[in-house]
Amino acid sequence: MGPDDQLQELVRRCQNGEHAAFEEVFRQFQPRLRYFLRRLDADNDHVDDTLQNMWVKVVRNIRSLRDSKAFVAWLYRIARNEVYGRGRARDPFVELRDEHLELPADDAEPTFTDEDIGRLHRELVRLSPPHREVLTLCFLEELPQGQIAEILGIRANTVRTRIYYAKQALRKAMEKSHE
């Protein structure tokens, strides 16, 4: 039984109300979700509250999840909605509209060296929320673009475009801070 199968079985056990299964899901995903939420919420003031609210929703709504294969995308979408739902109450979030932008054919994507990693984490918080979240999901959470599209509620092509522009913005931020 592979890791995906094990997770699906764990989710089914959660859906049946098995307390130990919930504890295992919590143990597996809590650190990753904390990191993800800290990247989305630059203030980091409400991460614990957001996590608590998010897990309450997971426990209450896990039975409504029809496909256990979609659990990871479902979980991250709940976390994302918690951050942006709270944020909309105090400062409306403006969605990027880059889905109609085409990737430049002659502009190579930026690459990052090992030396850039520390600076990368520091500069990530300076990016716009949509850029920060797509880079976090893609490179730090290592989720496939299809799952990222599901989490963000956008098309897979838009994810690819957003990753491209987010990497460009991150590179510029890193170059600017290095001056």
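Which residues form one aromatic cluster? They are Phe29, Phe71 and Trp74. Keep in mind as you look around that this is a predicted model.

**The overall picture**

Let's start with the whole chain. The protein contains eight helices and zero strands, and its pattern along the sequence reads α-α-α-α-α-α-α-α. There are 179 residues in the protein, and 44% of them are buried.

**Aromatic rings**

Searching the whole structure turns up five aromatic pairs. Let's look at Phe29 with Phe71: the ring centres are 5.7 Å apart and the planes meet at 75°, so this pair is edge-to-face. The angle matters here because planes over 60 degrees apart count as edge-to-face. Phe29 sits in helix α2 (residues 19-40) and Phe71 in helix α4 (residues 71-90), so the pair links distant parts of the chain, 42 residues apart. Are these two residues buried or exposed? Both Phe29 and Phe71 are buried. In general, a pair of aromatic rings is described by the distance of the centres and the angle of the planes.

Now find helix α1, residues 3-15. How far apart are the end C-alpha atoms of α1? They are 18 Å apart, and this agrees with the 18 Å that 13 residues should span at 1.5 Å a residue. The buried residues of α1 are Leu7, Gln8, Leu10, Val11, Cys14 and Gln15. Looking down the axis of α1, you would find these buried residues within an arc of 160°, so they line one face of the helix. Just after α1 comes Gly17, with a positive phi of about 85°.

**The largest pocket**

Helix α1 also matters for our next stop, the largest pocket. The space in this pocket is about 330 Å³. Its lining has 15 residues, and the closest to the pocket centre are Pro3, Asp4, Leu7, Val72 and Gln147. Which helix gives the largest share of the lining? That is α1, with six residues, while α1 and α2 each supply at least two. Sorted by class, the lining has seven nonpolar, five polar and three charged residues.

One of the residues closest to the pocket centre, Gln147, belongs to helix α7 (residues 145-152). In α7, the buried residues are Gln147, Ile148, Ala149, Ile151 and Leu152. After α7 comes Gly153, whose phi is positive, near 70°.

**Two valines to compare**

Val58 is in helix α3 (residues 47-61), whereas Val125 is in the loop between α5 (116-124) and α6 (129-140). With a relative accessible area of 1%, Val58 is buried, because buried means under 20%. Val125 has a relative accessible area of 31% and is partly exposed.

| Pair | Apart along the chain | C-alpha to C-alpha |
|---|---|---|
| Val58 and Ala79 | 21 residues | 9.5 Å |
| Val125 and Leu170 | 45 residues | 9.7 Å |

Definitions and conventions. Residues are numbered from 1 along each chain as its sequence is written. This is a predicted model: local features need pLDDT of at least 70, side-chain atom pairs count only at pLDDT 80 or more; totals for chains, interfaces and linings use all residues. Side-chain values use heavy atoms; hydrogens and water are left out. Rings of Phe, Tyr and Trp (its six-membered ring) pair if their centres lie within 6.5 Å; planes under 30 degrees apart count as stacked, over 60 as edge-to-face and the rest as tilted. Helices (H or I, at least four residues) and strands (E, at least two) are DSSP runs, numbered from the N terminus. Buried means under 20% relative accessible area, exposed over 50%, partly exposed in between (1.4 Å probe, protein chains only). On a 1 Å grid over the protein atoms alone, a cavity is a set of points where a 1.4 Å probe fits but cannot get out, and a pocket is an open set with protein on both sides within 12 Å along at least five of seven lines; lining residues have an atom within 4 Å of a point. Grid points are joined across faces, edges and corners, and a volume is the space filled by probe spheres set on the points. Ala, Val, Leu, Ile, Met, Phe, Trp, Tyr, Cys and Pro count as nonpolar, Asp, Glu, Lys and Arg as charged, and the others, Gly among them, as polar. The expected span of a helix is 1.5 Å times one less than its number of residues. The arc is that of the directions from the helix axis to the C-beta atoms.
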